[in-house]
Structure formats: structure tokens, C-alpha cells
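My notes follow in the order I took them.

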Amino acid sequence: MPKLKLPAPPIPAKLNPRPARPGSTKTGPLDVAAEAGISAVDWVDERTSISGAARWMMFRKVPKGTNWFYTLGSSTMFAFLSQAVTGVFLAMYYRPDAAGGAYESIRYINNEVFLGEFVHGMHKWGSSVMVILVFLHMARTFFFGAYKYPRELNWVIGVALLILTMAMSFTGYLLPFDQRSYWATIVGVNINGTGPLVGPYLSDFLRAGPEFGATTLSRFYAIHMLLIPGAMAALIGAHLYMVAKLGTTAPPWIKADSPVKKEEKA
Ligand code: HEM
């Protein structure tokens, strides 16, 4: 049977060049400037054919009954991006120095740097926002049955993202290196150590040795700002690819119209 070919999704009207007014030649500098954005997009598209992928990703059919709960995944992604941006600015001033430099650099960010306290606050509160959103998003996919065939793999990727989100919170908590973060992390690492089989290895890995030392802080910092965000960016990419490929699940109260029912109605 030949494969059914769906029509290409529409291009937004703004990206189509406007037709010239009758009688006008549209060659003045203002006309060229007005179309500059379109020409630039065309220039890139002619060389990369990227618009096909962009249209595939963005112009998708969504099921009947799609509601505000479907925005929780994108909200989580926005929280992640906000953490990434504010984290880059914090990294410009932060020093992972266990001999007092870390604590001092945070004090400097909060008291001296322009908008430092604001950016630090966004990062700190944003971490809680992201954890809350990721749980709400998971609850939405669970209660709507979105974990079922054929989306099991996306659920599994989601579980990895959830664990990484929690690991981000855990590793970030040590970085201010005040009394609270120091002792809380000792408790956390000890709890990790009680895990079966891998527990002791995991706590040794986190401490960078059998005892808490100067390199523990650098290790937490490297995990927090390089290892986990890199893994999360890749996994979010895979998660979104699968959402675009499989489409989203309709809410459970929406019943599909079967051909038999349609015939009965007619
Ligand atoms: C950093 C964390 C995460 C991000 C950025 C993220 C992002 C998204 C986005 C944007 C969507 C599509 C829109 C929507 O349905 O909300 C989605 C769908 C989905 N997510 Fe996540 N997600 C994350 C974590 C999780 C977790 C923890 C789970 C479950 C354990 C999960 C399971 C799913 C599933 C099964 C779908 C498909 C929903 C459907 O078919 O209706 N995600 N995700």
C-alpha cells in the first residue's frame, strides 16, 4: 500500500515575502530592510534545509482536549534553561575553593556584583521551581496514561531526567560552602553510602576519596556545572524528539470516534 503523504505544514505568514503593491518595484533601501529578516532566514535555509526539521518539530497536530496541563513539560524546560543562563553568570564569579574562597565568592556575588543577589536568588529559587515542575509534569503524564505504549521509552528518559534534576539540587547545595550546606551534604553522602552494592562506591566517588576533603568541593562543582547539565541537555533533546515523533497523548476522557460509531450516528 502506498504510504499516505500528509500535506506540508504551513509556513507562518510572517516568513512569506509580502507581494509587491501594484505598480511598485520594491527596490528601495527601506523595502530591502523590511525584508532583511526573511532574506536572512532564506539564506540559511537554502544552505541547510533546516526549515523542514523546524516545521516538523513546531507544526504538529495536537489531540482534542489538550489543556493547560500539557504546558508543564515546556515549563520544566524553561526552568532548566533559566538555571543554565543564571548558572553561567554565577560561574563567572564563583570559586570552588574549600579554604574559604567559595564562601567569600558567594558573599561577593550577593553584596558587590551588579544584580548578583538577584541572579543568585533566581538560581536558588529556580532550582525549587524546577523540582516542583518536574514532579507536576510527571504526575500529568502518569494520570493521562502517557507512559503506555508506544511512549514507554520517553517515560524511561523522563525518569533519568528526574534523577538528574535531583542530583543537580544535591550537588548545588554544597556550593555556598556554609555550615548548613557542608553538614547537609555529609548527611546526604552518608545516605548514598547505605545503598546496596554501589552505595559505598558512590559515596567514595562523590567525596573524591574516603573522607571529605578539598577536592570534594571541586568534584561537586564539576558534576553540577558540566557533567549533569550536559547529560540533561542531551536527554531533553531525545525526550522532545520522541514527543514530536509520537505526538502527545489525548486526555483519558476523550473517546476516539471509531468508524463503526460514526456509521451508527449517521
Ligand atoms: C527536565 C525534565 C523534563 C523536561 C524538560 C520534559 C519536557 C517535556 C515536554 C516539553 C513534553 C511535551 C509536552 C508535555 O506533554 O508536557 C514532555 C512529554 C513527556 N514527558 Fe517529559 N520532561 C521532563 C521530565 C519528565 C519526567 C520526569 C517524566 C516521567 C518520568 C516525563 C515523561 C514524559 C512523557 C511520558 C511525555 C509524553 C507525554 C504525552 O505523550 O502526552 N518527562 N516532556
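Does Ala208 count as buried, exposed or partly exposed? I note before answering that the model is predicted. I counted 17 C-beta neighbours inside 10 Å, so Ala208 counts as partly exposed; the cut-off for buried is 20 or more. I found Ala208 in the loop between helix H9 (199–207) and H10. Its phi is near 60 degrees, a positive value in a residue other than glycine. I looked this up because most residues other than glycine have a negative phi.

Next I went to Phe177. Phi of Phe177 is also positive, near 55 degrees, and the residue is not glycine. Phe177 sits in the loop between H7 and helix H8 (179–193). Here I counted 23 other C-beta atoms within 10 Å, so Phe177 is buried. Setting aside neighbours within four places in sequence, I listed its contacts as Ala98, Ala102, Tyr103, Tyr182 and Leu217.

I then checked the nonpolar cores. The largest has 13 residues, and Phe177 is among the members that touch the most others, together with Ala102, Leu174, Leu175, Leu217, Phe220 and Tyr221. Helix H5 (101–111) and H10 are the elements that give two or more residues to this core. H10 supplies the largest share, four residues. Apart from this core I noted another of eight residues, including Ala79, Leu133, Val134 and Met138.

Ser49 follows H2 and has a positive phi, near 55 degrees.

I also looked at one peptide bond. The bond from Tyr149 to Pro150 is cis, with omega near 0 degrees. Pro150 is in the loop between H6 and H7. Most peptide bonds are trans.

Last, the ligand. I listed 28 residues around the ligand, the closest being Gly73, Ala146, Gly158, Thr248 and Thr249. Helix H4 (72–91), helix H6 (116–143), helix H7 (152–174) and helix H10 (214–246) are the elements that give two or more residues to this shell. H7 gives the most, with seven residues. By class I have 16 nonpolar, eleven polar and one charged residues in the shell.

Note on methods:
Residues are numbered from 1 along each chain as its sequence is written. This is a predicted model: local features need pLDDT of at least 70, side-chain atom pairs count only at pLDDT 80 or more; totals for chains, interfaces and linings use all residues. A residue is near a molecule or strand if its C-beta atom, placed from the backbone, lies within 6 Å of it. Ala, Val, Leu, Ile, Met, Phe, Trp, Tyr, Cys and Pro count as nonpolar, Asp, Glu, Lys and Arg as charged, and the others, Gly among them, as polar. A residue is buried if 20 or more other C-beta atoms lie within 10 Å of its own, exposed if 12 or fewer, and partly exposed in between; C-beta atoms are placed from the backbone. A nonpolar core is a set of buried Ala, Val, Leu, Ile, Met, Phe, Trp, Tyr and Cys residues joined through C-beta atoms within 7 Å. Two residues are in contact if their C-beta atoms, placed from the backbone, lie within 7 Å.
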